[in-house]
Amino acid sequence: MNLDSIKNLLSFFSEQSDTKRTHRIAKTFAGLKEQNRKALIPFITAGDPHPKYTIQLMHQLVQSGADIIELGVPFSDPMADGPTIQRSSERALKHHVSLDDVLKLVAEFRKTNINTPIVLMGYANPVEALGQVSFAAKARECGVDGVLIVDYPPEESSEWVQCLEQHQIDAIFLLSPTTHQQRIEQVAKMAKGYIYYVSLKGVTGASHLDLQDVSTKLNQLRQYISLPIGVGFGIRDGVTAKAVAELSDAVVVGSRIIEEIEKSSESDLLSNVGSLIKALRDAIDKN
Amino acid sequence: MSAYDLPNKNGHFGPYGGIFVAETLISALEDLRKQYEFYRHDANFQSEFAEELKHYVGRPSPIYHAKRWSEHLGGAQILLKREDLNHTGAHKINNTIGQALLARRMGKKRVIAETGAGQHGVASATVAARYGMECIVYMGSEDIKRQATNVYRMKLLGATVVPVESGSRTLKDALNEAMRDWVTNVENTFYIIGTVAGPHPYPMMVRDFQAVIGNEAKIQMQEDFTRQPDALIACVGGGSNAIGLFYPYIDDVNVQLIGVEAAGKGIDTDQHAATLSMGRPGVLHGNRTYLIQDGNGQIVETHSISAGLDYPGVGPEHAWLKDCGRAEYVAITDDEALEAFHTLCRYEGIMPALESSHALAYAAKYAPTLPKDKLLLVNLSGRGDKDMATVAQMSGLTL
């Protein structure tokens with residue numbers, strides 16, 4: 001037994017252990033379950049509308065009721081996103097926000113928040129440019145808890161998942177209405193943290209959610225998946241958020257928040273986003 | 001040495017290719033892969049494809065010995081595979097017919113396509129008219145401005161041209177937008193990709209449809225010259241005309257394969273599209289391949305005088321052929337391509353597309369270094385009528 005493994009063992013029994021930090025996502029969901037509540041997971045793009053607001057926005061999200069934050073990594077070619085999130089990516093890229101900058105923002109956020117899980121969401125190429133291994137090491141160091149790379153499907157992810165696992169970062173995967181059973185089982189084996197169920201066909205920001213479909217599909221998914229399931233795409237108001245929360249473990253809201261950021265001025269940005277999150281939170285928690 | 005049989009079943013060419021797409025597209029690609037796997041071995045499908053190529057496209061396209069130009073260059077003999085004589089004026093139609101026939105068999109009544117210069121858009125609009133399908137073409141708003149004639153051609157053929165305002169408003173953004181349409185309308189829609197890029201099975205499928213170029217060439221070379229060429233030369237943007245010519249020759253190791261990329265204003269400037277020469281591997285548009293990108297993995301804008309080569313990626317099979325050394329890739333500047341354009345007009349009475357002019361320009365450099373009995377087969381992938389306004393503008397004229 002080498003020194004590292006002894007350390008690991010010791011820290012496992014310690015109150016101040018590293019496990020506190022590495023299992024933030026699982027811990028968050030366990031805590032919510034005890035209280036019989038559902039997670040609210042807002043998405044913002046790092047660096048939108050300007051990098052100087054990102055950390056403030058993240059704290060605002062937490063104060064207003066977010067349980068986990070999905071932080072978008074801007075990319076020049078966001079193929080799976082609708083116009084709203086594309087624009088947020090373009091705004092961030094005007095300020096040359098790189099993956100490295102995003103990691104630095106997370107590290108900065110961690111100085112004042114050690115509990116809220118951060119999930120990075122983005123596209124493969126910035127990760128490839130940094131290298132999967134050095135990305136994972138750096139992400140862990142900066143306090144990232146999970147990563148969802150939209151264009152790394154399970155087929156192309158065996159090394160990627162290993163790499164994240166080594167650095168105790170959760171590999172988050174998407175499932176969609178068209179995912180068939182065999183793939184659901186495959187994803188169930190690879191995924192950690194939670195599953196992100198894309199509730200409709202199309203790109204982010206679309207607005208025709210069918211709750212009956214979501215309910216049917218989630219029942220199917222639960223036969224194979226023990227992880228919490230978050231639902232995203234098409235959730236634009238409290239009523240839908242509440243309805244989705246009743247079916248799932250977490251509600252993911254993205255484009256609606258970006259729209260709020262777009263229409264806010266610098267002075268009311270934080271309060272507008274805060275009110276929106278609070279309204280969603282209240283709707284989800286309402287009995 | 002065993003015969004070349006890439007991609008593998010997961011769509012990989014060595015480390016390149018693959019299926020790098022969001023989960024929402026996986027089942028559509030899976031369906032396409034299964035259907036194509038069936039029809040590529042289906043005799044009815046293949047014979048209908050061959051009939052269409054013969055009677056609608058006008059194949060086989062001849063191989064023409066450019067004797068006067070060869071003599072002028074004073075070295076190897078230059079032979080031209082005349083894809084410019086195809087219906088719609090370029091090799092693009094070979095692929096759009098193949099994919100449209102597949103779309104029909106899959107019961108899809110709506111086809112979508114991306115286009116840069118408009119050649120693939122025109123080829124898609126053409127086959128959609130031919131088979132009675134609805135056709136939507138995504139085109140960057142910058143390209144729409146630059147290619148007004150082709151936009152009008154597509155409209156005359158009944159297609160709807162949708163301007164794309166995101167990103168750099170060029171081909172790569174049109175491709176993103178077409179993917180977004182596809183993921184939203186996948187039930188009734190077939191996405192006709194115009195080059196050997198995108199997620200598996202596209203690079204393989206487009207290659208197979210374009211391989212008619214190389215397959216014909218093998219027969220024609222034997223018949224007309226009693227031997228195969230010493231080298232094949234073709235321009236590479238995404239790389240469909242090049243792979244179409246190269247693929248049937250990959251196992252013929254005595255035949256040199258040369259891909260010619262766009263060096264734009266020079267590969268030492270930031271205005272070029274020489275992906276294999278200057279790019280680094282990464283992931284874009286569903287596959288792993290060489291990309292022109294900045295240090296942070298953002299895709300950067302490219303430049304070429306020819307819109308058809310103005311793309312920051314390249315087909316994954318070319319990436320593999322480069323890495324394993326089977327093919328070599330060189331780059332030709334705007335000026336060199338333009339000179340070759342004029343030379344071919346004057347010496348052979350053939351007006352080449354600016355894309356193809358890159359291949360011609362490299363042939364003009366290479367031929368004089370070789371003895372006169374060597375044969376260079378250049379893919380004349382398209383005709384240059386579409387480029388007259390660009391060429392006039394470069395000469396300080398307005399049409």
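**Ground rules**

I number residues from 1 along each chain as its sequence is written, and chains are lettered from A and ligands numbered from 1 in the order in which they are written. Since the model is predicted, local features need pLDDT of at least 70 and side-chain atom pairs count only at pLDDT 80 or more, while totals for chains, interfaces and linings use all residues; side-chain values use heavy atoms, with hydrogens and water left out.

**Entry: cores**

I looked up the nonpolar cores (sets of buried Ala, Val, Leu, Ile, Met, Phe, Trp, Tyr and Cys residues joined through side-chain atoms within 4.5 Å). Buried here is under 20% relative accessible area, exposed is over 50%, and partly exposed is in between (1.4 Å probe, protein chains only).

The largest core has 98 residues, and the members touching the most others are Leu71(A), Leu120(A), Phe135(A) and Tyr196(A). I then listed the contacts (heavy atoms within 4.5 Å) of Leu120(A). Not counting residues up to four places away in sequence, Leu120(A) touches Leu71(A), Val73(A), Leu99(A), Val102(A), Leu103(A), Val106(A), Phe135(A), Val144(A), Gly146(A), Val147(A) and Leu148(A). Another core, of 90 residues, lies apart from that one, and its members include Leu232(B), Ile250(B), Leu257(B) and Leu276(B).

**Entry: where A meets B**

Next I checked salt bridges (a side-chain nitrogen of Lys or Arg within 4 Å of a carboxyl oxygen of Asp or Glu). The rule finds three across the interface of chain A and chain B. Glu23(B) and Arg183(A) meet in a salt bridge through their side chains, at 2.5 Å, N to O.

I also checked polar contacts (N or O atoms within 3.5 Å; within protein, one must be able to donate a hydrogen and the other to accept it, and residues adjacent in sequence count only if both atoms are side-chain atoms). The interface of chain A and chain B has 19 residue pairs in polar contact, both at pLDDT 80 or more.

For secondary structure I used DSSP runs numbered from the N terminus (helices H or I, at least four residues; strands E, at least two).

**Entry: salt bridges elsewhere**

Searching the whole structure gave me 46 salt bridges over all chains. I followed Asp100(A), which is partly exposed at 21% relative accessibility. Its side chain meets that of Lys138(A) in a salt bridge at 2.7 Å, N to O. This pair links distant parts of the chain, 38 residues apart: Lys138(A) is in helix α8 (residues 132-142) and Asp100(A) in helix α6 of chain A. Asp100(A) also meets Lys104(A) in a salt bridge, at 3.5 Å, N to O. Those two both lie in helix α6 (residues 99-110) of chain A, four residues apart, about one turn of the helix.

**Entry: Glu83(B)**

I found Glu83(B) in the loop between β4 (77-82) and α4 (92-105) of chain B. Glu83(B) counts as buried because its relative accessibility is 0%. Its side chain makes polar contacts with the side chains of Ser61(B) at 2.8 Å and Asn94(B) at 3.2 Å.

**Entry: Arg207(B)**

I placed Arg207(B) in helix α9 (residues 202-210) of chain B. Arg207(B) is also buried, at 1% relative accessibility. The side chains of Arg207(B) and Tyr247(B) are joined by a polar contact of 3.4 Å. Among the residues that Arg207(B) touches, leaving out those up to four places away in sequence, I noted Tyr4(B), Phe13(B), Arg40(B), Ile243(B) and Glu317(B).
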